[in-house]
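Dear colleague,

I am passing the structure below on to you, together with some notes on what turned up when I went through it. Please have the sequence and the coordinates open while you read.

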Amino acid sequence: MARAIISVEDKKKRVAKSAAKKKNASARKSAAKKHHLRIDILTAVPELLNSPLNFSIVERAKKKGLVRIFIHNIRDYAKGKYKKVDDYSYGGEAGMVMMIEPIYTLITKLKKQRKYDEIIYLTPDGEIFNQQIANQLSLKKNIILLCGHYKGIDHRIREHLITMEISIGDYVLSGGEIAAAAISDTIIRLLPGALSDETSALSDSFQDNLLSAPIYTRPADFKGWKVPEILLSGNHDKIAQWNDEQSLARTKKLRPDLLK
Ligand code: ADE
């Protein structure tokens, strides 16, 4: 076979193209680097947050410097020998309430160190979390997530220090930690550079108020259960069209409320 002869001009063009590509990649990298998110999580049970925020995409985003997560033990700000953070409620309602002072001391200390975009309290009576709120929060620089425990926190914290209240669903968790982990994870995967394939966060379910299309991997035929033929065709336009149709059909069937 005749070998292609590459002219000096062609070579120059190729070198220039590859240099431009490299420059582009590094510009994207530094653009991604510019947006750091800092999340301060305030909890009386820091152990609950150990593993969800130390693995997988979140861990990779931390290593890349896209996000910094600081977990603060509210108990460290409690007074007295027993470091008490909860007390009986006025009015005698059953259940303990998280005391105002340790939380106030911790939030005030953090606010003196930097400006926070949002101070968020995780609570079942907050605004229901969704992808849109996650997108907004992923653009912030500094956020605090305050986890309640027991019956909740002294209401004066909510009145005077909290800027936003979020629930992750209409059910009651034992504390806000699992909600804080869910919210952090959702936000962090949206940070530019957190996912290896940058487009994949955009094709997530809910990103356009649509569920995503079904996905498959090898083998193409497992005991007679076949992957849809179109996905094996190599025709990218047709595949994209199929994905859009599936996405819409699944949303209509499973979550028609998203289309309203
Ligand atoms: N704390 C307890 N239940 C919660 C919920 N559903 N969402 C957020 N924080 C909570």
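What follows is a description of the fold, the ligand shell, the core and some individual residues.

Before anything else, please keep in mind that this is a predicted model, in which local features need pLDDT of at least 70 and side-chain atom pairs count only at pLDDT 80 or more, whereas totals for chains, interfaces and linings use all residues. Residues are numbered from 1 along each chain as its sequence is written.

The protein has 7 helices and 9 strands, where helices (H or I, at least four residues) and strands (E, at least two) are DSSP runs numbered from the N terminus. Of its 260 residues, 22% count as buried; a residue is called buried if 20 or more other C-beta atoms lie within 10 Å of its own, exposed if 12 or fewer, and partly exposed in between, with the C-beta atoms placed from the backbone. Among the contacts with a separation of 6 or more, 78% come from residues 24 or more positions apart, a contact being a pair of residues whose C-beta atoms, placed from the backbone, lie within 7 Å.

As for the ligand, its shell is made up of Leu122, Thr123, Pro124, Gly148, Ser167, Ile168, Gly169, Tyr171, Val172, Leu173, Gly176 and Ala179, a residue being counted if its C-beta atom, placed from the backbone, lies within 6 Å of the molecule. Strand E5 (residues 118-128) gives the most to this shell, with 3 residues. By class the shell holds 7 nonpolar, 5 polar and no charged residues, on a scheme in which Ala, Val, Leu, Ile, Met, Phe, Trp, Tyr, Cys and Pro are nonpolar, Asp, Glu, Lys and Arg are charged, and the others, Gly among them, are polar. One member of the shell, Tyr171, sits in the loop between strand E7 (164-167) and H6, and it counts as exposed because 7 other C-beta atoms lie within 10 Å. The C-alpha atoms of Tyr171 and Pro124 are separated by 6.7 Å, although the two are 47 residues apart along the chain.

Which residues touch the most other members of the largest nonpolar core? In this core of 41 residues they are Ile103, Ile120, Leu122, Leu145, Leu146 and Ala180, a nonpolar core being a set of buried Ala, Val, Leu, Ile, Met, Phe, Trp, Tyr and Cys residues joined through C-beta atoms within 7 Å. The elements that give two or more residues to this core include strand E1 (37-43), helix H3 (100-113), E5, strand E6 (142-147) and helix H6 (177-188), and the largest share, 6 residues, comes from H6. Leaving out residues up to four places away in sequence, Ile120 touches Ile143, Ile144, Leu145, Leu146, Met164 and Ile166.

Because 9 of its 12 residues are buried, H6 is largely enclosed by the rest of the structure; the buried ones are Glu177, Ala179, Ala180, Ala181, Ile183, Ser184, Thr186, Ile187 and Ile188. Pro52, from the loop between E1 and H2, is in contact with Ala181 and Asp185, leaving aside its neighbours within four places in sequence.

In H4, the buried residues are Ala134, Leu137 and Ser138. Seen down the helix axis they fall within an arc of 100°, so they line one face of H4, the arc being that of the directions from the axis to the C-beta atoms. E6 and H6 are among what covers them.

Finally, some backbone details may be worth checking by eye. A cis peptide bond, with omega about 0°, joins Arg218 and Pro219, and Pro219 lies in the loop between H6 and E8. Lys83 has a positive phi of about 50° although it is not a glycine; this residue is in the loop between strand E2 (67-73) and strand E3 (86-88) and is partly exposed, with 14 other C-beta atoms within 10 Å. Lys223 also has a positive phi of about 50° without being a glycine; its place is in the loop between E8 and strand E9 (225-226), and with 6 C-beta neighbours inside 10 Å it counts as exposed.

With kind regards

Technical notes: Contact = placed C-beta atoms within 7 Å.
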